[in-house]
Amino acid sequence: CGVAVASLWRRCGVATGLLWRLGGILFEDRAAPGPPDAQVMMVEELGLQVPEPDSNVEAAKDGFLMFLAFVCFGSMPLLGYVISPRLLGERAMSPHDLFLAACAVTSVTLFALGAAKSSFVQGSALRLGAETLALGALCASVAYSAGVVLSAALGGA
């Protein structure tokens, strides 16, 4: 990385003698997190910002919220199996009917998540909802197909 930073500074017009002095100063500063040349490359060459010292706390909080959202919305397909029999009363539902109910609940959830995304990004709620629903359906189809292929390959039912 040091060579890359030196060539970056050289392109900016820094003289070779000054490069050695700057490198010495940078590598003596141990208060900064990470290798100093990596920091220079992050900011100058890649346009990234050096993380703040307390960014780990924010990252942990964001990760925890993402986990909660995944648990909450990821459990929605199970509601089709739990709520449908209660809504339809005593009528016994076949496993196929329960699966279709789970698909319906999942579809509504995916569409709602996509539509809610329109509050944060530019786009219509209808288009973003349909896009999220289509992507979810595609992913589910690929996962189901992989299960069928693996089941057949392993001699399952």
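## Contact between α5 and α6

In this predicted model, in which local features need pLDDT of at least 70, side-chain atom pairs count only at pLDDT 80 or more, and totals for chains, interfaces and linings use all residues, M76, P77, L79, G80, Y81, S84 and P85 of α5 meet L98, F99, A101, A102, V105, T106 and T109 of α6, where contact means heavy atoms within 4.5 Å. Residues are numbered from 1 along each chain as its sequence is written, and side-chain values use heavy atoms, with hydrogens and water left out.

Helix α5 covers residues 76-87 and helix α6 covers residues 95-117, and the two pack at an angle of about 130° with their axes 7 Å apart. The axes are lines fitted to C-alpha atoms, for helices over the stretch in contact, and the angles run from 0 to 180 degrees between N-to-C directions. That angle makes α5 oblique to α6, given that angles under 35 degrees count as roughly parallel, over 145 as roughly antiparallel, 65 to 115 as roughly perpendicular and the rest as oblique. The crossing of α5 past α6 is right-handed; a crossing has that hand if the near helix is turned clockwise from the far one by less than a right angle, and is left-handed if the turn is anticlockwise.

L79 lies in helix α5 and is partly exposed, with a relative accessible area of 31%. The scale behind that word takes buried as under 20% relative accessible area, exposed as over 50% and partly exposed as in between, with a 1.4 Å probe and protein chains only. Leaving aside neighbours within four places in sequence, L79 is in contact with S84 and V105. L79 and T106 are 27 residues apart in sequence, and their C-alpha atoms are 8.8 Å apart in space.

T109, which has its place in helix α6, is buried at a relative accessible area of 12%. When neighbours within four places in sequence are left aside, T109 is in contact with F73 and M76.

## Contact between α6 and α7

Helices α6 and α7 pack at an angle of about 135°, with their axes 7 Å apart, and are therefore oblique to each other. On the α6 side the contact is made by S107, L110, F111, G114, A115 and K117, and on the α7 side by A125, L126, L128, G129, A130, E131, T132, L133 and G136. The crossing of α6 and α7 is right-handed.

A134 is found in helix α7, which covers residues 125-153, and is partly exposed, with a relative accessible area of 49%. Computed along the sequence A134 and F111 are 23 residues apart, while from C-alpha to C-alpha they are 8.8 Å apart in space.

## The protein as a whole

The protein has 7 helices and 0 strands, and from the N terminus on its elements run α-α-α-α-α-α-α; helices (H or I, at least four residues) and strands (E, at least two) are DSSP runs, numbered from the N terminus. Among contacts between residues at least 6 apart in sequence, 30% join residues at least 24 apart.

Of the 157 residues of the protein, 16% count as buried. The protein exposes about 11,600 Å², of which carbon and sulfur atoms supply 71%, with accessible areas taken from the Shrake-Rupley method with a 1.4 Å probe and, for residues, only the protein chains shown counted as cover.

## Cysteines

The structure holds 0 disulfides, a disulfide being a pair of cysteine sulfur atoms within 2.5 Å. C72 is partly exposed, with a relative accessible area of 38%, and C139 also counts as partly exposed, at 47% relative accessibility.
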